[in-house]
Amino acid sequence: MNDVAHVKIRHSRRCASVSSPVPSCTSIRLPGVMDSDGRVDEARLRKYIFQNGGVLPQERTPVWQFLFSMYPSRSTALERPLIQEQMVARYQVMKQKWQHVCPGAVHLPLNGTDAEIIAAVNFFHQRQRVIREEASRLSKEASKRRSFLELQTQILLKRVEINLEELQEAIRIIDKDVPRTDRDLSYYLDEGLGNLLVLRDILITYAAFHPDVSYAQGMNDICSRFLVVLDSEVDAFWSFSCYMKTFSKDFHADGLHRKIELEAALLKELDPLLHAHLVTDSMDRFTFCHRWLLLGFQREFEHSEALRLFEILRCNHLELITQQVERARYQERIIQNQSTEDKPKMEPQLINTEYTFELFICATIILENRDKLLNCRTDVQLLQFTSSLQGTLDLNSTLKKAEEHFFNYCKRSSWACLSSRYHSHRSKDHFLNQLWNLFS
């Protein structure tokens with residue numbers, strides 16, 4: 001069954017639950033990833049995802065709960081129900097707090113022009129009634145435990161001040177973005193229209209309690225992925241929050257500018273001629289691939305493939321390998337410097353560890369469309385080019401070529417490092433002389 005069919009069967013005609021059911025039963029059926037107590041070997045999980053090009057749709061929900069750090073990888077199956085109860089209580093109290101501070105924003109403003117949005121509000125209200133009914137049927141013990149956890153959270157959040165003016169501005173932008181988020185997905189069809197309002201609550205709650213980030217356009221697209229896959233308001237909120245701990249800088253101008261600079265630098269190493277063409281004054285550098293990098297190529301691949309790419313990029317498998325190599329070389333240099341009386345010399349970095357696999361994906365798309373880009377002379381033509389790619393790219397082919405570019409870059413960097421060491425140490429290092437002669 002393909003991803004689209006799986007999503008449609010699972011999600012059509014219903015709204016997301018508040019939390020995922022029975023977390024103690026969550027299991028990952030990937031070889032060697034989860035032990036008998038329910039602990040996850042995170043390194044093996046990331047390696048599996050990268051080497052297999054993602055996971056099957058039916059495995060995606062439990063995998064994302066660990067991949068995006070909603071659950072600690074070392075938590076056991078017995079511990080996770082309590083962890084989830086705490087997450088539910090914290091989220092509910094956080095949502096209640098901003099709704100109390102900004103009561104006028106509890107409901108999405110309706111202008112009467114979009115019948116589907118009016119239907120979405122009605123479906124959402126039905127969902128809220130069901131949630132209240134389910135809460136009234138909780139056992140006395142479960143109700144007392146939830147009340148205690150909510151009281152704990154209220155005490156923790158008592159000193160947290162919400163900037164009303166900033167939150168209102170964030171809500172204004174959210175209310176523009178949410179109604180047009182992923183409207184072509186089956187998850188947001190029929191009764192699923194109410195999930196747009198669930199997405200809205202998640203984004204407002206995040207903005208209210210993360211004023212340094214607040215809300216920026218594009219977060220709705222990222223958060224929607226979590227809601228579609230996890231089908232739970234609380235799970236989507238905490239997974240999105242954990243994701244933003246690492247990637248919130250991308251939604252600031254300086255963070256994304258740095259990523260675009262790195263993409264330009266990488267392309268200069270891979271194809272100097274194309275790089276020179278794209279950085280002419282009229283091109284304003286590489287801003288044409290802004291959306292690719294911000295949203296993780298969400299619109300360039302078909303939806304199910306974009307989900308696979310999202311989890312592949314998140315596993316950071318190649319980046320972790322290069323970091324391990326650099327740490328090993330750093331330790332080697334320390335030992336060498338301690339064992340010689342010569343003045344320590346700085347050696348060139350073997351690999352630029354800021355070149356993430358995401359940048360190689362971007363470079364691959366650029367290089368595969370080299371002729372088209374060389375014919376682009378204006379920013380308008382570049383924007384037309386990027387629009388023409390939406391939903392047309394093949395993920396497996398792109399991944400294979402990106403991996404080839406990555407390893408070729410590593411080989412060239414290693415050769416440059418070897419060359420530098422040979423010329424600086426050729427009179428002292430007999431082995432290095434032999435190695436150089438062998439490959440020359």
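Colleague: What should the 13 residues of helix α14 span, and how far apart are its end C-alpha atoms?

Modeller: Helix α14, residues 303-315, should span 18 Å at 1.5 Å a residue, and its end C-alpha atoms are 19 Å apart, which agrees. The expected span of a helix is 1.5 Å times one less than its number of residues. Helices here are DSSP runs of H or I with at least four residues, numbered from the N terminus. Please note that this is a predicted model: local features need pLDDT of at least 70, side-chain atom pairs count only at pLDDT 80 or more, and totals for chains, interfaces and linings use all residues. Residues are numbered from 1 along each chain as its sequence is written, and side-chain values use heavy atoms, with hydrogens and water left out.

Colleague: How many residues of α14 are buried?

Modeller: In α14, 12 of the 13 residues are buried, among them R308, F310 and C315. Buried means under 20% relative accessible area, exposed means over 50%, and partly exposed lies in between, with a 1.4 Å probe and protein chains only.

Colleague: And what follows α14?

Modeller: N316 follows α14, and its phi is positive, near 55°.

Colleague: On to salt bridges. How many does the structure hold?

Modeller: There are 23 salt bridges in the structure. A salt bridge is a side-chain nitrogen of Lys or Arg within 4 Å of a carboxyl oxygen of Asp or Glu. One of them joins the side chains of E85 and R145, at 2.8 Å from N to O.

Colleague: Which helices hold E85 and R145?

Modeller: E85 belongs to helix α4 (residues 80-101) and R145 to helix α6 (residues 140-157), so this pair ties together parts that are 60 residues apart in sequence.

Colleague: Are E85 and R145 buried or partly exposed?

Modeller: E85 is partly exposed, with a relative accessible area of 27%. R145 is also partly exposed, with a relative accessible area of 32%.

Colleague: What about E233, with which residue does it form a salt bridge?

Modeller: The partner of E233 is K95, and the closest N and O atoms are 2.9 Å apart. E233 lies in helix α10 and K95 in helix α4, so the pair ties together parts that are 138 residues apart in sequence. Both E233 and K95 are buried.

Colleague: Where do E116 and R183 lie?

Modeller: Their side chains, those of E116 and R183, meet in a salt bridge of 2.4 Å, N to O. E116 is in helix α5 (residues 115-136), while R183 is in the loop between α7 (164-177) and α8 (195-209), and the two are 67 residues apart. E116 is partly exposed at a relative accessible area of 40%, and R183 is partly exposed at 22%.
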